[in-house]
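Dear colleague,

I am pleased to hand over the structure shown below.

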Amino acid sequence: MSSPTPAILVQDLRKTYPGREGPVQAVRGLSLEVFPGECFGLLGPNGAGKTTTVEILEGLNQPTSGRVEVLGMTWEKDEDALRQRIGVTLQETRLPDHATVLEMARLFRSFYPSGPDPMEALTRVALESKAGSIVETLSGGQQRRLAVALALVGEPDLLFFDEPTTGLDPQSRRQLWDVIRELQGQGRTTVLTTHYMDEAERLCDRVAIVDYGQVIAMGSPRELILKLGGEHIVEFAVVGTAPPAENFSGLASVQTARTEADGYALTVSEAHKTIPDLLAKLGTEGLELARLTTRQASLEDVFVSLTGRHLRDNEEPTATPPKRGRRGRQRSA
Amino acid sequence: MKSYNPFVELYKARIREFYRQPSRLFWVYGFPLLLAVILGLAFRGGGERPMLLDLVQTSSESKVASVIKSQPKKFKIKQSDQATALARLKAGKTPLVVVAGASQSDIDYHFDPTRPEAIATRSSLDDTLQRAFGRKDVLSAHDQPVTEPGSRYIDFLIPGLLGMNAMGGGLWGVGFFLVNCRIGKLLKRFKATPMPRISFLGAILASRLTYLIPDIIVLMSLGIFAFGMPMRGNWLTLLIVEVIGASAFAGLGLLVASRARTTEAVSGLMNLIMFPMWLFGGIFFSPDVYPDAIQPFIQILPLTQLLNALRAVILEGAGLAAIMTPIGVLVAWAVITFTLALKIFRWD
């Protein structure tokens with residue numbers, strides 16, 4: 001796939017923060033290309049360097065080294081022009097408590113030379129009925145949608161979402177996904193970061209899987225899953241002492257076998273061939289099956305096969321916003 | 001397509017934030033008003049108040065004691081034994097202890113000579129006693145008590161409170177607002193837009209100056225209508241002085257908030273800046289009481305100069321030409337703080 005001018009071009013991007021215990025390398029040689037009109041996702045665990053990368057793309061943070069071009073321009077030379085053509089939602093923005101939704105939309109609209117009417121921007125995120133409400137009274141999901149509206153008022157060519165649904169309940173997440181999908185397909189390019197693989201699968205045309213400040217895989221969600229060699233995952237557990245995972249790697253149609261929590265996960269191309277073989281093997285070895293499920297392979301499995309870790313290994317149980325890269329990275333245990 | 005002006009929208013946002021929070025209205029307008037009323041009543045002129053003193057009488061037939069007691073309007077006496085009286089003196093509960101000795105002409109005054117009140121009581125009492133015992137004054141002195149508006153404490157205080165509000169409003173209003181915006185990532189969000197920086201700062205300054213108007217109306221009406229304070233100068237001159245003064249303090253607020261990332265840090269910085277002005281600026285009393293050595297420092301403080309100018313305009317009727325020095329100092333503060341703040345301002 002080739003394109004005359006990529007919407008975003010990043011080559012060997014590095015960002016090092018001075019930290020208390022020595023410098024922290026948040027981004028270490030990251031390269032990617034985003035094509036015009038696509039929705040591109042940066043998928044990775046907390047502290048992988050996604051936010052730092054996106055903030056450099058948004059011109060809110062300076063790279064230590066590397067080449068960054070946005071809409072064919074650079075932040076050093078064309079800051080004013082770029083600001084008018086991008087729309088940004090930060091991970092979290094605390095808007096003035098006592099302003100109304102429409103007042104905020106009008107305020108942000110006033111910063112841009114052209115764009116939709118403030119009310120029209122609210123309609124696009126299904127917030128028109130809340131136009132007169134005070135920001136403070138909005139629910140978490142409504143506040144995120146307002147943030148999206150504020151990113152739209154300049155009719156940007158390039159939209160950034162940083163962790164758009166982190167901390168939201170399932171219903172609000174789906175609502176926000178609908179809003180984001182709705183915004184695509186008008187020649188607009190979208191870049192989002194997430195550590196939810198389902199979010200990336202649903203919204204993104206292509207994703208870059210980011211870990212420790214580098215891109216470890218890039219492609220469409222489907223391509224990445226196909227690269228696993230199998231599209232299905234067979235998960236099972238046995239009663240009592242469990243043999244090593246290699247025991248099952250020779251079964252019919254199995255690509256890889258790994259242990260997982262209290263059982264095993266097999267990546268397979270044809271589950272209907274694997275399962276009879278598995279049951280036969282368990283029978284001959286005298287192992288009793290405790291549970292057996294099959295499902296479609298996901299980006300989560302891609303991440304696990306690449307890193308040996310789960311995307312959400314280090315996620316806090318409650319819906320708190322993820323730690324920022326600059327606070328120091330937390331490696332999963 | 002309707003177009004919106006960023007300055008106007010930012011300005012409206014600031015003003016709305018203010019009037020939609022009634023508790024702020026109290027701290028900005030109610031509190032100084034209350035202070036003025038209380039202090040105005042406490043230091044109201046009108047009639048001499050008796051002086052407090054402790055009397056220790058060693059003999060029941062002391063003529064000294066009876067002379068003092070014969071003037072209850074002038075002296076308010078508390079009688080006790082010497083040990084109790086001296087303990088009260090030490091604790092600051094009485095300014096003067098008079099010990100009337102056994103012999104008629106023997107009096108001891110115990111007092112702390114650094115307390116102006118003690119010296120005044122002692123000399124007034126001594127005069128009264130000397131005259132009662134036959135001293136003839138050689139000069140004929142006539143007391144002319146001042147009750148003329150313009151020279152009373154309340155007249156001094158109202159301009160002081162006007163200046164205090166300009167200082168507090170500029171530092172807290174601008175400084176706290178900015179740091180809160182930085183903490184909430186709103187500054188960063190603004191930076192991600194093509195918002196003109198000058199509109200942002202202009203709106204902050206303009207809203208600051210807008211709040212001055214009710215400030216001036218409230219405090220000046222109180223002074224003029226409730227306490228009969230004179231307004232000898234020109235209202236426009238007063239407004240100009242207030243605008244320049246408030247700009248200097250808004251600049252200071254901007255400067256202290258230009259890099260701070262926590263409200264604790266910015267409060268500390270603001271207290272550091274306001275403390276010397278509370279102490280030396282002359283809100284409640286004239287800074288002339290401080291030694292000459294630190295006067296140059298006191299005179300360079302923006303509050304000192306704002307109060308000099310306000311008092312000159314309100315109480316002496318000074319025109320702009322007469323207050324060029326204070327105005328110059330305030331303009332310098334405004335220009336320097338704004339320039340410096342713009343250089344080091346941090347949006348995230």
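Y290(B) sits in the loop that links α10 (263–280) to α11 (295–300) of chain B; helices (H or I, at least four residues) and strands (E, at least two) are DSSP runs, numbered from the N terminus. This is a predicted model, in which local features need pLDDT of at least 70 and side-chain atom pairs count only at pLDDT 80 or more, while totals for chains, interfaces and linings use all residues. Residues are numbered from 1 along each chain as its sequence is written, and chains are lettered from A and ligands numbered from 1 in the order in which they are written.

With 14 other C-beta atoms within 10 Å, Y290(B) is partly exposed. A residue is buried if 20 or more other C-beta atoms lie within 10 Å of its own, exposed if 12 or fewer, and partly exposed in between, with C-beta atoms placed from the backbone. Leaving aside neighbours within four places in sequence, Y290(B) is in contact with F280(B), Q295(B) and I298(B); contact requires that the C-beta atoms of two residues, placed from the backbone, lie within 7 Å. F280(B) is ten residues from Y290(B) in sequence, and their C-alpha atoms are 8.0 Å apart.

E61(B) is exposed, having 9 other C-beta atoms within 10 Å. From E61(B) to R182(B) there are 121 residues in sequence and 77 Å in space, C-alpha to C-alpha.

Chain B as a whole has 13 helices and four strands. Its radius of gyration is 27 Å, well over the 20 Å that the globule rule gives for 348 residues, so chain B is more spread out than a compact globule. The radius is taken over C-alpha atoms, and the rule is 2.2 Å times the number of residues to the power 0.38. Along the principal axes, the C-alpha atoms of chain B fill a box of roughly 100 × 40 × 40 Å. Of its 348 residues, 36% count as buried.

Chain B is divided into domain 1 (8–42 + 149–344) and domain 2 (51–132), with bounds that come from an automatic or database domain assignment. The C-alpha centres of these two domains of chain B lie 46 Å apart. For chain A, the assignment gives domain 1 (8–225) and domain 2 (229–296), and their C-alpha centres are 40 Å apart.

Chain A contains an open antiparallel sheet of three strands, in the order β2-β1-β4. At its edges stand β2 (24–34) and β4 (65–70) of chain A, each with a single partner strand, so one side of each is left without a neighbour in the sheet. Strands pair if DSSP finds at least two bridges between them; eight bridges join β1 (residues 8–17) of chain A to β2(A). One of the residues concerned is Y17(A), whose bridge partner in β2(A) is V24(A).

Finally, the contact between the chains takes 24 residues from chain A and 23 residues from chain B. On the side of chain A that touches chain B, the elements giving two or more residues are α2 (75–85) and α3 (101–109) of chain A. The largest share, five residues, comes from α3(A).

Yours sincerely
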